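User: Hey, I'm new to this one. Can you walk me through a few spots?

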Amino acid sequence: MTTPSPAQQIASEISSLQSKVSSLQNKVRLTDARDGIEDLQVKISSSTQRIASLRQKGYVFEKVLEEQATNLLQQWTRLHPSINQQINMQAANLQASIRPIETQMSQLTVLARNPASARSLLATAQSQVRMLEDKVSAAERSISGMYDQIQNQMQKLGNRLDQIEYMLTNLAEASFQLLPTEAGVAAVKAVWCKAGKEQKDDPEGILFLTDQRVLFEQKQEVATKKVLFITTAKQKLQALQWESPAALVDQVLTSKQGMMKNEDHIEIRFRPGGSMQNAHLHIWQDCEAWQALLNRARSKEFDQDRVVAIDQEQVNKVKAAPTQCPSCGAVLASVVLRGQDTMKCEYCGALIRL
């Protein structure tokens with residue numbers, strides 16, 4: 001390996017320093033900070049319309065969403081001018097600081113063929129570049145500190161709206177229909193672990209929660225043909241695998257599984273009267289958050305958090321549902337859901353109109 005000459009070495013160091021200076025010429029304008037502010041501005045300004053769109057698509061819960069969006073916009077409107085003022089002031093100071101360095105770089109280009117003369121100036125320029133890089137980082141931290149609380153609030157709101165959009169998109173594509181006055185609460189990617197422990201062939205899909213039911217729909221593509229272990233043909237499987245009235249949820253257990261304990265699992269245990277005793281699912285959201293959602297649905301808490309009132313006629317129909325089969329006289333144990341037109345006697349099979 002050939003050892004570089006002093007001239008080659010100094011030229012290499014000057015080139016490396018020039019790359020840093022070129023990068024700094026952009027950073028001293030605080031471009032990243034300006035882009036971050038603009039991105040946050042767009043998110044906050046559009047959140048009200050985004051919520052309105054979700055309402056139009058059928059999301060009727062969380063009355064607080066509109067208030068959160070309005071409060072964020074008001075806070076941002078008050079704070080935004082002072083943030084811009086701070087950015088402009090900091091950027092002006094930083095741009096002034098880089099000018100001597102730019103002059104030194106021009107001098108170094110001239111001295112590049114004289115390593116002895118260039119070495120001292122290069123060391124000075126390198127030191128000043130490091131100090132200016134530290135100043136830029138400090139300025140960016142100072143500016144972000146002015147609005148990090150609002151940014152965190154917006155991130156939480158944005159994540160929640162993303163979850164609602166995910167649910168509404170999958171409900172629109174679902175193989176089942178919601179009942180009249182039934183509304184979606186949440187949805188999450190899930191694997192239904194049929195044997196209680198996740199297996200390779202367990203169905204993948206979406207776990208849905210509405211204000212009246214818990215449902216799991218298989219929704220996945222499976223390989224139907226492979227050549228040398230490479231999938232050459234796929235088939236989409238989509239079908240409702242099971243459902244249960246939320247009122248029949250008895251207990252929700254949570255666990256962290258996997259080698260790193262980073263997999264969220266829930267086990268839903270149902271009261272007698274449903275189609276199944278329990279269901280174990282690996283879900284792609286926080287298991288404790290889903291435990292809380294299922295418990296709220298079971299206790300009908302979501303009825304008090306609606307922006308659209310429940311049709312009283314449907315409520316009255318549920319209250320007036322028979323408790324005894326008119327055909328065989330058996331006591332009916334089935335849970336009646338709003339929007340049902342009929343119910344079936346589990347003893348004689350008679351179909352009873354509501």
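User: Is S47 buried or exposed?
Analyst: S47 counts as buried, because its relative accessibility is 2%; buried means under 20% relative accessible area, exposed over 50%, and partly exposed in between, using a 1.4 Å probe and protein chains only. Keep in mind that this is a predicted model, where local features need pLDDT of at least 70, side-chain atom pairs count only at pLDDT 80 or more, and totals for chains, interfaces and linings use all residues. Residues are numbered from 1 along each chain as its sequence is written, and side-chain values use heavy atoms, with hydrogens and water left out.

User: Which helix does S47 lie in?
Analyst: S47 belongs to helix α2, residues 31–56. Helices (H or I, at least four residues) and strands (E, at least two) are DSSP runs, numbered from the N terminus.

User: And what is S47 in contact with?
Analyst: If you skip neighbours within four places in sequence, S47 is in contact with A69, M154, L157 and L161. Contact means heavy atoms within 4.5 Å.

User: Switching to helix pairs: how do α1 and α3 cross?
Analyst: The axes of α1 (residues 6–27) and α3 (residues 64–111) cross at roughly 150° and come within 11 Å. Axes here are lines fitted to C-alpha atoms, for helices over the stretch in contact, and angles run from 0 to 180 degrees between N-to-C directions. The two helices are therefore roughly antiparallel; that label is for angles over 145 degrees, while under 35 is roughly parallel, 65 to 115 roughly perpendicular and the rest oblique.

User: Which residues make the contact?
Analyst: From α1 you have I14, L17, Q18, V21, L24 and Q25, and from α3 there are I98, I101, E102, M105 and L108.

User: OK, strands now. In which sense do β5 and β6 pair?
Analyst: β5 (residues 249–257) and β6 (residues 263–270) pair in the antiparallel sense, over eight bridges. Two strands pair if DSSP finds at least two bridges between them.

User: What stands opposite K256?
Analyst: That's D264, in β6. The hairpin of β5 and β6 has five residues between the strands, and G258 takes a positive phi near 90° there.

User: Which residues other than glycine have a positive phi?
Analyst: L30 is one of them, with phi near 55°. L30 sits in the loop between α1 and α2 and is buried, at a relative accessible area of 0%. T181 is another, with a phi of about 75°.

User: Where is T181, then?
Analyst: T181 is in the loop between α4 (115–173) and β1 (184–192). At 21% relative accessibility, T181 counts as partly exposed.
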